[in-house]
Protein chains: 2
Amino acid sequence: MSKQLPLAAMDACCAPLARDPLTAEQAVELSQLFKAMADPVRLRLLSLIASHAGGEACVCDLTDAFELTGPTISHHLKVLRASGLITGERRGTWVYYRVHPEVLARLSAVLVPAEPGVVTT
Amino acid sequence: MSKQLPLAAMDACCAPLARDPLTAEQAVELSQLFKAMADPVRLRLLSLIASHAGGEACVCDLTDAFELTGPTISHHLKVLRASGLITGERRGTWVYYRVHPEVLARLSAVLVPAEPGVVTT
């Protein structure tokens, strides 16, 4: 199976950005993950894969949700794979995709605000 | 004080994307927030503001961290304000910035994986 876990990026993501200022290197690594998510089609693909039964989706499960060509879907999946957010494994005819839960979890952790629930007015 | 809370985007962010597929509208709104964070300078600015004493930073607190011109910093702050991630309030000579903790909290919530801690191999 393809393993593209961006370990450096994961290290960069551990501490909430509201606790300590990100270093320049951490910011570069994190920005690449956010860039991969800065597109509505890629976000929907990520969500479709992550929420699919068994946590895995075939490209055949994904294309019907969009009015886009196969090559366009493939391009967006390639960007998500290159970022390390998802992995893809070919089994027979199809490629099956999974989200890296560790990467999502660490991105989620980095965005936790300093004081959740505090409303600035 | 400036209030730029993107209420529509916040509604879109409530449920983890790994639980239910995002709608096209939710994905568009979320992608705009991630696009604002898809730049290392903006991520560092966001982190500097969020982690600053009192949760507030003057533009005078931010420029020393970068080898960038004032107008470049101002451009990135403008993008962060337009996205709704931060607010800015002029008091006397300076503009003071704060992060919207609600927006960070909801982005954090949307990225929570379906099964935290589960490692796909």
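Which residues in α2(A) meet Val103(A), Leu107(A) and Val110(A) in α6(A)? I looked, and they are Leu30(A), Leu33(A) and Phe34(A). Contact here means heavy atoms within 4.5 Å.

**Ground rules**

I noted that this is a predicted model, where local features need pLDDT of at least 70, side-chain atom pairs count only at pLDDT 80 or more, and totals for chains, interfaces and linings use all residues. Residues are numbered from 1 along each chain as its sequence is written, chains are lettered from A and ligands numbered from 1 in the order in which they are written, and side-chain values use heavy atoms, with hydrogens and water left out.

**Chain A as a whole**

I found 6 helices and 3 strands in chain A. Helices (H or I, at least four residues) and strands (E, at least two) are DSSP runs, numbered from the N terminus. Along the sequence, I read the pattern α-α-α-β-α-α-β-β-α.

I then checked burial: of the 121 residues of chain A, 50% count as buried. Buried means under 20% relative accessible area, exposed over 50%, and partly exposed in between (1.4 Å probe, protein chains only). The accessible surface of chain A comes to about 5,600 Å², and 53% of it belongs to carbon and sulfur atoms. Such areas come from the Shrake-Rupley method with a 1.4 Å probe; for residues, only the protein chains shown count as cover.

Contacts came next. Taking those in chain A between residues at least 6 apart in sequence, I saw that 61% join residues at least 24 apart.

Among the buried ones are Pro101(A), Glu102(A) and Ser108(A). Val103(A), Leu107(A) and Val110(A), from my opening question, are buried too.

The axes of α2(A) and α6(A) come within 12 Å and cross at roughly 110°. Axes are lines fitted to C-alpha atoms, for helices over the stretch in contact, and angles run from 0 to 180 degrees between N-to-C directions. The two helices are therefore roughly perpendicular to each other (65 to 115 degrees; under 35 is roughly parallel, over 145 roughly antiparallel and the rest oblique).

I noted a left-handed crossing for α2(A) and α6(A). Left-handed means that the near helix is turned anticlockwise from the far one by less than a right angle, and right-handed that it is turned clockwise. By class, the contact of α2(A) with α6(A) has 6 nonpolar, no polar and no charged residues. Ala, Val, Leu, Ile, Met, Phe, Trp, Tyr, Cys and Pro count as nonpolar, Asp, Glu, Lys and Arg as charged, and the others, Gly among them, as polar.

**Across to chain B**

The crossing of α2(A) with α3(B) is right-handed.

I looked at α3(A) and α2(B) as well: their axes come within 8 Å and cross at roughly 115°. α3(A) passes α2(B) in a right-handed crossing.

**One last residue**

Is Ala53(B) buried or exposed? Ala53(B) counts as exposed, at 66% relative accessibility. I placed Ala53(B) in the loop between α3 and β1 of chain B.
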